Amino acid sequence: MDWRDLVTIALAGVCGMVGGLFGPVGIVLGIVVGAAAGARWATRTDRITALERRVAELESAPDDDEG
């Protein structure tokens, strides 16, 4: 569990509280929507970080063609 998971949980909680204005169904929908948005954000962030790390590895690797 990292900080992105905590952000996702917090977002689900906040959306659930806002959804509470519309009753019990709003609470459930708010939690589901908040968790989905948080998970999508966390996944996108992880993919971008992995891509940046891979690009840095490729840029720092020595070329086999030179020599």
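1. Val 7, at 36% relative accessibility, counts as partly exposed (between the cut-offs for buried, under 20% relative accessible area, and exposed, over 50%, with a 1.4 Å probe and protein chains only). Val 7 lies in helix α1, and the C-alpha atoms of Val 7 and Val 25, 18 residues apart along the chain, are separated by 23 Å.

2. The model is predicted, with local features needing pLDDT of at least 70 and side-chain atom pairs counting only at pLDDT 80 or more, whereas totals for chains, interfaces and linings use all residues. Residues are numbered from 1 along each chain as its sequence is written, and side-chain values use heavy atoms, with hydrogens and water left out.

3. Arg 4 also lies in helix α1, which covers residues 3-19, but Arg 4 is buried, with a relative accessible area of 14%. Leaving aside residues up to four places away in sequence, Arg 4 touches Trp 41, Ala 42, Thr 45, Asp 46 and Thr 49 (contact means heavy atoms within 4.5 Å).

4. The protein has 2 helices and 0 strands (DSSP runs, H or I of at least four residues for helices and E of at least two for strands, numbered from the N terminus). Its radius of gyration is 20 Å, well over the 11 Å that the globule rule gives for 67 residues, so the protein is more spread out than a compact globule; the radius is taken over C-alpha atoms, and the rule is 2.2 Å times the number of residues to the power 0.38. Along its principal axes the C-alpha trace spans about 70 × 15 × 10 Å.

5. Buried residues make up 15% of the 67 residues.
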